[in-house]
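I opened this notebook to record what I looked up in one structure. The entries are kept by topic.

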Amino acid sequence: MSIATIPSELLTGVTDLIARQGGVVGSNGDFYAGTFDDPDSFDANGGKAGPLGYYPMETFDGRTIYFPCLDRFTKIAASIVGLDGNPQLAIPGSTVTSNAREWVYSGAVIRDDAVSQTVPNSGFSSKVNGQNIDLHFGGPTARGGRHAIKGSLFQRAPTAADNPDRNFVGLQGQCQTFTGDGGTPSAPLGAFFGMSSITQIEGSAIGVFNATAFESNCVTIAGSTVQYRSGIQIADYVQTRGAVIDAALSISGIVGPNLGARYGIHVGAQNGGNPLGSDSSLLRLDDTPVLANGIDMRNTAFTGSVFRTQNSDWTDGNLSLYNPNAGLELGSLSLAGKPHIDFHSSGTNVDYDSRIEAEGGNGGVGNGAISVRSIWFGTHTHLPLVDAGYDLGSAIRRWNNSYFANNPTVGSDARLKHTRGPIIEAEKAVARGLPLVVFQYLDAVAAKGEDHARLHFGIIAQDLIAAFEAEGLDWRRYGVIGEDPVMEPFEVREMIDEPVTEEVIEDDERVEVVDGVATLIREPVTRRVPVVDHLPIVDTDGNPVMLPAIGPRTMPGERGWIGRILRGPAEPVVTIPGTPARQATYQRPRTQKVERVVRTETRPQLDAEGQPVTRYSVRYEQLAVMLLAALRDA
């Protein structure tokens with residue numbers, strides 16, 4: 001039967017019939033239309049041997065389409081869901097070879113949707129749905145969970161060996177725009193969601209156990225092998241970044257009386273099982289060896305803790321470690337350096353106002369040096385680690401001036417000394433024959449000049465040595481003179497592995513308040529980032545670990561055995577390129593062998609003849625006792 005010979009009574013009758021079946025709502029066809037091929041000869045199973053065909057009907061815009069009759073509806077329903085309630089439909093043509101972009105067994109394509117959808121007498125717009133299923137349930141006899149829409153994909157056998165696309169999805173939602181919605185970069189319009197899930201708990205619903213907008217269950221049964229398992233996987237294809245927010249995962253709230261979630265992300269056993277094991281990591285980064293920031297929270301104020309554990313508490317400006325043996329380690333275990341802690345107390349933009357810096361060391365525990373760089377160092381009682389075990393200064397690191405409110409107290413307990421006896425005559429003679437001189441320090445002369453460098457009263461250590469020798473005494477036996485080797489630092493250098501870096505220019509974003517307005521500021525910054533090598537991964541047998549091929553991603557195709565309402569030519573699609581099967585790689589920063597200082601040690605300084613250089617010192621309190629003994633005999 002051709003369209004030209006369709007009686008008008010039949011068109012009107014079928015249209016009325018469909019309307020009585022609830023198939024036409026608001027002059028829009030809410031149904032699946034039939035195929036245009038031989039519409040009057042298809043049977044209930046899609047074959048061409050029976051009398052149950054499609055009947056023509058006229059749509060609201062005057063087009064003729066074909067729709068199954070009531071008998072055919074009954075046959076289809078019986079074949080789709082059998083008497084036992086299980087799906088029974090077996091669609092012929094499963095072995096068809098298709099050259100289409102995508103093969104669709106059942107679907108609907110609606111072209112040129114330009115419906116003006118508003119809520120009557122409100123002026124507010126509402127949604128236009130391509131397909132809608134409302135499942136109303138409840139009551140004393142209702143049993144079993146419900147799915148408004150269920151997509152199940154069952155694989156019963158491996159696909160073809162040369163299958164280029166091995167991505168199998170139970171339910172997919174796609175949203176694509178070719179034009180945008182009339183916005184501009186400065187005034188954007190339109191929000192496009194590939195999939196949106198809403199769970200709404202009305203105020204009259206009391207005692208609800210679980211309210212989840214989207215649940216993801218990834219089940220791997222014992223015995224299976226999986227290389228890449230994740231509850232939620234985000235695989236972005238980014239060629240243009242968001243101007244204000246660009247994120248793989250974004251959490252936001254809807255405008256209104258919104259309390260906000262108590263936890264942005266919660267990990268727990270609310271479904272009865274622990275989501276992580278004792279060998280798990282809460283957060284791990286792989287294949288991304290270079291990032292601008294780890295966690296950037298510059299635009300957030302914290303009323304509580306930034307980070308908290310059982311024995312530590314990091315608030316916005318304070319770090320507390322409560323473990324009895326809490327420790328803080330700074331510096332590299334393989335490369336020498338000067339780890340430090342800087343303090344800013346002046347409120348000005350300087351490198352530091354005070355600094356505690358570590359340096360030196362020879363690989364032994366406790367043999368490094370700590371320097372405090374500040375104008376003064378305040379303390380209460382300052383004690384050495386052990387009694388009489390350490391020096392204050394050294395022959396090569398001397399204090400310049402010392403200021404005391406009281407004279408130094410020196411231990412003089414008889415129980416701490418072995419007394420030889422009184423000062424002998426030869427020792428008194430050393431004091432009487434010692435030249436007393438007026439001198440200037442050479443560094444003061446170099447800094448101020450001979451006319452301005454201060455004059456000091458004292459002795460010369462070499463004169464004191466000569467006085468001892470003149471009396472036949474060994475000056476080294478006396479503590480009044482000290483001779484210390486002059487030590488000099490030297491660097492121990494070794495060849496080490498050091499990351500290879502390159503200079504890149506990246507965009508940095510920050511929010512600043514400018515004239516009371518929070519302003520997003522973008523500016524290029526130059527950073528040095530590690531150069532990364534992609535190393536092929538093999539298993540323990542040396543075989544390459546392969547990643548499966550990923551076919552190109554496009555919008556759904558237009559083929560189907562039931563057929564669809566078609567309006568106008570097909571739109572062009574955006575194709576996301578696929579990737580072939582390839583060996584998995586591990587990204588590792590590239591290193592190079594370089595000579596670097598690994599630690600700093602000290603050694604005796606040698607003179608031009610290779611002899612150790614020494615420096616003499618005098619203990620003036622002992623010399624004063626010698627002079628006092630000589631004066632008592634005068």
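The entries below go from the whole chain to its sheets, its helices and its cysteines.

**Basis.** I worked from a predicted model, in which local features need pLDDT of at least 70, side-chain atom pairs count only at pLDDT 80 or more, and totals for chains, interfaces and linings use all residues. Residues are numbered from 1 along each chain as its sequence is written, and side-chain values use heavy atoms, with hydrogens and water left out.

**Whole chain.** Helices (H or I, at least four residues) and strands (E, at least two) are DSSP runs, numbered from the N terminus. I then looked up burial: of the 634 residues in the chain, 14% are buried. Buried means under 20% relative accessible area, exposed means over 50%, and partly exposed lies in between, with a 1.4 Å probe and protein chains only. For contacts (heavy atoms within 4.5 Å), I took those with a separation of 6 or more; residues 24 or more positions apart account for 54% of them.

**Sheet S5-S6-S7.** I found an open sheet of three strands in the order S5-S6-S7, paired antiparallel. Two strands pair if DSSP finds at least two bridges between them. Strand S5 (305-308) and strand S7 (318-321) are the edges; each has a single partner strand, so one side of each lacks a neighbour in the sheet. From one strand to the next, the twist averages 10°. The angles are taken between N-to-C directions of lines fitted to C-alpha atoms, for helices over the stretch in contact, and run from 0 to 180 degrees. Strand S6 (residues 312-315) is joined to S7 by four bridges, and Asp313 stands opposite Ser320 in S7.

**Sheet S8-S9-S10.** I noted another open sheet of three strands, ordered S8-S9-S10 and also paired antiparallel. Its edges are strand S8 (340-343) and strand S10 (368-373), each with a single partner strand, so one side of each is left without a neighbour in the sheet. Neighbouring strands here are turned by 15° against each other on average, direction ignored. Six bridges join strand S9 (residues 354-360) to S10, and Gly360 has Gly368 in S10 as its bridge partner.

**Helix H6.** I looked up the length of H6 (residues 620-632): its 13 residues reach 18 Å from first C-alpha to last, close to the expected 18 Å. The expected span is 1.5 Å times one less than the number of residues. Which residues of H6 are buried? I listed Leu623, Met626, Ala629 and Ala630. These cover an arc of only 120° around the axis, which puts them on the same side of H6; the arc is that of the directions from the helix axis to the C-beta atoms. Leu631 and Arg632, on the other side of H6, are exposed. The buried residues of H6 pack against helix H3 (425-432), helix H5 (461-470) and strand S22 (614-618).

**Cysteines.** I searched the whole structure for disulfides (pairs of cysteine sulfur atoms within 2.5 Å) and found zero. I recorded Cys175 as partly exposed, at 40% relative accessibility. Cys218 is partly exposed too, with a relative accessible area of 34%.
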